[in-house]
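What follows is a briefing on the fold of one protein chain, arranged by topic. Please read it alongside the sequence and the coordinates.

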Amino acid sequence: MTTYFDELPRDFLAVATPGAGKTTFALTVASELLGRRMVDRIIVVAPTEHLKVQWAQAAERAGIPIDPTYSAGQGKTSGDYLGIAVTYAGVAVNPLAMRIRTERTKTLVILDEIHHAGDALSWGEGVREAFEPAARRLALTGTPFRSDINPIPFVTYAPGDDGIPRSVADYTYGYAEALRDHVVRPVLFMAYSGQMSWRTSAGDEIAAQLGEPLTKDMTSQALRTALDPKGSWMPAVLAAADKRLDEVRRHVPDAGGLVIATDQDSARAYAKTLKQITGESATVVLSDEKTASKKIGAFAADTSKWMVAVRMVSEGVDVPRLAVGVYATTTSTPLFFAQAVGRFVRSRSRGETASVFLPSVPNLLTFANEMEVARDHVLGKKVTDDGDMFSPEDALIAQANAAESASDDEALGPWEALGSEARFDRVLFDGGEFGHAGEVQVGSDEEMDFLGIPGLLDADQVKGLLQQRQSDRAKKQRKDTSDRAQKAAEVARAADALTDMATHEQLGVLRRELNGLVASWYHRTGQPHGVTHAALRKECGGPAAAVANADQLRARINVLRDWAVRKTS
């Protein structure tokens, strides 16, 4: 704020991480400029219809009434309003009308997520024509990079060390700074892997571990298999996410969760699974529904647990109580990922944490590890690969603001998911990775070490707890390994001792050991001795223990020990 009013520039670009309060900053500037009579009217330009309404609501709370229903053909608005809210697409329809409105009075134009001004050539041209005469222009963005080489209107560019022009922000407030100031929440990324199997268009059946080194096409097919609602991976991850949400709600009672789905069919299926898990219906938000904005607003205001959306909630939509997310979409580019994670980082009180569940695929893990990296819009950067950071985003933005009829899977080629299972992989936090050696079963104590992290911790406490739990589990695993080795040695010594005994002595020792284990099983389970002996005979075969041979007795002893281990785990 001080930076802006020290210089009072005509154009100002503020780059701030999602959740850092760009709207609050802009409306505070607007209120001050109105108070100083430096501007008389406000025009807010936003990417979507929903965000127009959201800006109007926020402006009303700041004492600046704004009309979110204005259209270029409308001309005038009620005298009760101090401004209007329009979309970039709406400006492009009739930029001349907007220019006349802008020229009529001293106008402050707030360009929200200004990188969208380049979504279409007509949008950029329309914005430049409409708002060139504005008294003040305040541009905001949380993701100041685009894939194309078209300069964004009213943004300054300067050559970098490599000679390529880059956008120059007047003020930058990144995730690292916001986290330090407790403006945003620390984000725990809960990554899940697992075995996937699918059939290709050629009829080949393929099995692969999610996250292991694969070709680009195989990684895409493995990810789609994991996200298939009919498989086992998504229900397991949704159940884990719900456990995490329950833990967070112990400290933050109104905390909510959001599943970002690829298409409408998947969204409805995920909502059905969540109802089976929680017993509570999830709010489903589809962008082609007229009631979508109302659904989001109602969810933001209530205390229900889950919302499922098809990309629509990826950018700008403000639901501060969202604390747990499931990234269940095949859309995996830096821009979309940053926008999606931005839905969970807004802090309401110190100590709140955010948790985002995601598949263990390389690009998503890389994005999670680069949460604190600031990026600028680069002009002249050639796109050489679809996985490039600057690969085209326009289609994604169009999809985010339009109807999703069914699924994008068809565009990726014929494919059939055969099966999937989930395994907890690791937690990514603050550039570090935390987990346990080997595969971790869903629902295990090892997984709960991380799902059970308290919902109210600051960043340093989260990191300390992650390190402590990983260390404690490593010590336990070493002790268990040592205990198993010691037990194996004892068994080996006992076996050696038995070989030195007469047959009747060996049988007597084995019967006593078996009877002792059956007695212990009774004290643990309450199951009568006779029932246990009968169950062992049924599983292992052979006659009653009194007349069983040594091998049959050893088999029953081993089975009963296995039962005890499974019950303990």
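**Briefing: sheets, helices and cores**

Five bridges join strand E2 (residues 41–46) to strand E4 (residues 83–87), and the two strands run parallel; two strands are said to pair if DSSP finds at least two bridges between them. This is a predicted model, in which local features need pLDDT of at least 70 and side-chain atom pairs count only at pLDDT 80 or more, while totals for chains, interfaces and linings use all residues. Residues are numbered from 1 along each chain as its sequence is written, and side-chain values use heavy atoms, with hydrogens and water left out.

**Overall composition**

- The protein chain holds 19 helices and 21 strands, where helices (H or I, at least four residues) and strands (E, at least two) are DSSP runs numbered from the N terminus.
- Of the 569 residues in the protein chain, 48% are buried, a term for under 20% relative accessible area, with exposed meaning over 50% and partly exposed in between (1.4 Å probe, protein chains only).
- Among contacts in the protein chain with a separation of 6 or more, 74% are made by residues 24 or more positions apart, a contact being heavy atoms within 4.5 Å.
- The accessible surface of the protein chain comes to about 25500 Å², and carbon and sulfur atoms account for 51% of that surface; accessible areas come from the Shrake-Rupley method with a 1.4 Å probe, and for residues only the protein chains shown count as cover.

**The seven-stranded parallel sheet**

- Seven strands make up an open sheet with parallel pairing, in the order E3-E4-E2-E5-E6-E1-E9, and its edge strands, E3 (66–67) and E9 (171–173), each pair on one side only.
- Helix H2 (residues 22–35) lies across E1 (11–16), E2, E5 (107–111) and E6 (136–141), running at about 170° to E6; axes here are lines fitted to C-alpha atoms, for helices over the stretch in contact, and angles run from 0 to 180 degrees between N-to-C directions.
- Helix H6 (residues 121–131) lies across E2, E5 and E6, and runs at about 160° to E5.

- E11 (residues 195–200) pairs with E18 over five bridges, and Thr-200 stands opposite Trp-415 in E18.
- Elsewhere, E7 and E8 form a hairpin with five residues between them, and Gly-163 in its turn has a positive phi of about 85°; four bridges join E7 (residues 156–159) to E8 (residues 165–168), with Arg-166 as the bridge partner of Ala-158.

**Nonpolar cores and enclosed helices**

- The largest nonpolar core has 82 residues, and those with the most contacts inside it are Trp-233, Val-326 and Phe-357; such a core is a set of buried Ala, Val, Leu, Ile, Met, Phe, Trp, Tyr and Cys residues joined through side-chain atoms within 4.5 Å.
- Helix H9 (residues 233–251) gives the most to this core, with nine residues, and apart from the core lies another, of 26 residues, including Phe-12 and Ile-64.
- Leaving aside neighbours within four places in sequence, the contacts of Val-326 include Met-234, Leu-258, Trp-306 and Phe-357.
- In helix H13 (residues 362–369), Leu-364, Leu-365, Phe-367 and Ala-368 are buried; seen down the axis of H13, its buried residues fall within an arc of 160°, so they line one face of the helix, the arc being that of the directions from the helix axis to the C-beta atoms.
- The cover over the buried residues of H13 includes helix H12 (334–341) and strand E16 (322–328); seven of the eight residues of H12 are themselves buried, so H12 is largely enclosed by the rest of the structure.
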